Amino acid sequence: MSELIIVKPEKCVGCNACVRECPAPEANIVKQLEDGRFITMVNHDKCIGCGECVKKCTHGARDYIDDTDDCISDIIKEKLIIMASPAIKTVMPTKWKGVLDWFKKQGCTIFDVSFGADICTWAHIRTMDQDKIGNIVTQQCPAIVKYVEKYQPKLLQNLSPIHSPVACSAIYIKKYLRRNNPIALISPCIAEKYESQDTELFEYNVTIKKLLEYFDRNDINIPIDTSEDYEYKFDEPQGQMGAIYSRPGGLRDNMWLHDPDLNITNSEGVHKVYSEIEMYSRMPESKHPRIFDVLSCEFGCNIGPASGTKQTVFDAMTTMRAIENEAKSRRKSGGIMGRGDDKLFKKFDDELRVADFLRNYKPSMPSPIPNINQLQPIFEKMGMHTEEERSYDCHACGYDTCRDMAIAIYRGLNTPDNCIVHAKSVLLARHSVLNRQNEKLAEITEEVLALSDKLKENVANITDNMENIGESTSATGERAAVVKDLLENVVTFCNDNSTMDADSVSQLTSILETTIDAFSALDDNVTTTNESSETINKSINDIITLVGDINEVLVKAGKNGKTEKLEDLDKLAEEQDKKDE
């Protein structure tokens with residue numbers, strides 16, 4: 001499947017709004033980036049192109065691709081046929097004629113899809129008259145068709161075999177008008193690109209939003225028309241009641257014009273129609289309405305995902321009422337014959353073959369649904385261990401139920417980390433671990449601070465004793481010099497007095513006593529130095545012991561995930577010990 005819905009990852013905030021709004025259960029893939037962010041990508045093989053995610057994304061992370069630029073570029077090369085959806089009147093109530101006139105000026109032929117819608121109604125009525133089809137689900141909405149093909153293929157037998165108004169228009173142009181020019185559809189529908197690819201009946205899907213953006217970028221001014229005239233000079237016949245197909249129940253109302261007794265039920269909007277289609281699939285055929293008229297958009301095509309309109313539902317329905325009144329007057333003036341026969345249908349009976357407006361579908365193999373045994377380990381990873389936990393259904397992940405989320409994870413479309421229950425359980429577990437670590441850290445801090453105080457005390461002792469050693473060493477040097485001088489004096493005196501009298505002996509005795517005093521002082525200084533050195537050695541040994549204690553505390557903490565060894569401090573203490581020795 002080609003890429004239709006695109007994602008801008010840098011703008012995605014992982015809010016899951018796209019998953020929440022998407023009716024296609026496998027169309028989104030949630031991924032977690034290396035920085036921890038969650039982003040939601042598109043699974044193009046399972047996307048139905050309904051465009052609901054584009055409408056609901058408030059962050060600008062979703063956009064779509066159409067053929068506007070290619071179409072306008074190719075107008076220069078070849079004159080195109082423009083098919084105008086009836087919804088352009090409600091989306092651009094004052095500009096739709098100016099837009100069509102602009103294409104006319106480029107040499108394009110303009111065709112009204114409302115006429116194709118009239119053909120679509122006629123083909124349904126005639127097929128039912130001939131009892132060739134049973135109860136049907138309508139298929140004028142390409143997103144619905146794609147959903148049935150991908151997710152409810154067993155309903156393809158119920159999906160109407162009649163082509164959509166768009167395809168009926170293209171068939172009429174190609175087969176009956178014999179026009180071979182490329183055809184471009186102007187519509188507010190993203191999924192029309194799928195119909196273009198699947199039927200190969202038209203080449204370009206030009207969405208109104210992208211077309212108006214093109215006009216703005218290129219300073220193309222479209223004149224304003226405030227008249228309430230909904231007739232236009234198309235190059236081929238303008239449609240009649242087919243003009244209301246774009247509103248909710250449009251096909252139903254057309255069918256009731258021709259057969260008021262038909263049992264028709266209609267449903268619109270992604271939050272309603274797809275669940276009711278699933279309900280329809282489970283019902284016995286006997287309970288099906290004759291026609292189940294369905295549209296993906298809540299307000300029909302008039303406020304489609306690619307309309308870019310600022311029109312409210314009230315604006316759109318007011319315009320549609322005026323369009324309906326105008327179509328009825330045109331039908332009365334040129335479409336009704338005597339006895340209630342429809343002149344337009346008589347024309348179709350004479351000129352058209354129903355068989356030319358039938359289509360085939362392309363069923364896909366639905367993904368198997370995992371059983372409870374396969375989901376069991378998924379629930380465990382999500383932190384859901386009980387039946388109650390598996391029924392939280394908080395919708396934060398974007399899915400309706402926890403089981404749907406588990407199925408998405410099983411299929412590789414999501415991750416347990418995106419489950420709020422899982423995230424909460426992980427957060428609580430981490431918070432508990434963190435609390436225990438903080439308590440342990442407080443205990444370790446208290447022990448380390450106590451040891452640090454002892455370490456400071458020993459360092460202070462070392463500092464004080466180092467000062468004592470400095471002072472003692474200085475005094476020792478001074479006293480050693482004095483002793484040296486005294487001994488030199490003794491030697492000199494003895495050399496000068498080979499014989500000594502009483503005075504000489506007295507003088508020598510005085511010198512020797514002074515020398516003894518100097519030696520005593522020197523001995524005191526040496527003793528002080530030794531005592532300080534012993535104190536230093538003891539403090540250093542205490543420091544080594546304290547470092548060991550700190551290491552032991554930290555190693556113990558390391559076993560709880562907080563290991564930080566003080567090997568460098570050990571080496572520093574050992575080196576200091578060697579220096580002191």
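Which element gives the most to the lining of the largest cavity, and with how many residues?

Author: Helix H6 gives the most to this lining, with three residues. The model is predicted: local features need pLDDT of at least 70 and side-chain atom pairs count only at pLDDT 80 or more, whereas totals for chains, interfaces and linings use all residues. Residues are numbered from 1 along each chain as its sequence is written, and side-chain values use heavy atoms, with hydrogens and water left out.

Some terms are needed before the cavity is described. Rolling a probe the size of a water molecule over the atoms shows where empty space is left. On a 1 Å grid over the protein atoms alone, a cavity is a set of points where a 1.4 Å probe fits but cannot get out. A pocket, by contrast, is an open set with protein on both sides within 12 Å along at least five of seven lines. Lining residues have an atom within 4 Å of a point. Grid points are joined across faces, edges and corners, and the volume is the space filled by probe spheres set on the points. Helices (H or I, at least four residues) and strands (E, at least two) are DSSP runs numbered from the N terminus.

The whole structure holds five cavities of 30 Å³ or more. In the largest cavity there is about 310 Å³ of space. Its lining comprises 30 residues, and those nearest the centre are Gln140, Pro142, Cys189, Glu192 and Cys301. Two or more lining residues come from each of helix H6 (113-129), H7 and H8. By class, the lining of the largest cavity divides into 18 nonpolar, eleven polar and one charged. Here Ala, Val, Leu, Ile, Met, Phe, Trp, Tyr, Cys and Pro count as nonpolar, Asp, Glu, Lys and Arg as charged, and the others, Gly among them, as polar.

Helix H7 deserves attention next. Ten of the ten residues of H7 are buried, where buried means under 20% relative accessible area, exposed over 50% and partly exposed in between (1.4 Å probe, protein chains only). Among these buried residues are Pro142, Tyr147 and Tyr151. The cover over H7 includes helix H9 (192-199), H12 and strand E11 (291-295), with contact meaning heavy atoms within 4.5 Å.

H7 (142-151) also takes part in the lining of the largest pocket, as do helix H1 (17-21), helix H12 (273-282) and helix H16 (402-410), each supplying at least two residues. This pocket has a volume of about 900 Å³. Of its 28 lining residues, Pro23, Pro25, Tyr147, Glu278 and Asp404 lie nearest the centre. H16 provides the largest share, four residues. The pocket lining has 14 nonpolar, six polar and eight charged residues.

A search of the whole structure finds 17 aromatic pairs. One of them joins Tyr172 and Tyr176, a stacked pair with 5.9 Å from centre to centre and 20 degrees between the planes. For such a pair, ring centres of Phe, Tyr or Trp (its six-membered ring) lie within 6.5 Å; planes under 30 degrees apart are stacked, over 60 edge-to-face, and the rest tilted. Because Tyr172 and Tyr176 are four residues apart in helix H8 (residues 165-176), about one helical turn separates them. Tyr172 is buried, at a relative accessible area of 6%, whereas Tyr176 is partly exposed, at 23%.

The rings of Phe345 and Phe348 have centres 6.2 Å apart and planes at 35 degrees, so this pair is tilted. Both residues belong to helix H14 (residues 343-351), where they are three residues apart, about one turn of the helix. Phe345 is buried at 5% relative accessibility, and Phe348 is buried at 1%. Ring pairs link Phe345 and Phe348 with Phe111, Phe115, Trp122, Tyr172, Tyr176 and Phe357 into a cluster.

Finally, the setting as a whole may be stated. The protein has 19 helices and eleven strands, and 48% of its 581 residues count as buried. Of the contacts with a separation of 6 or more, 76% are between residues 24 or more positions apart.
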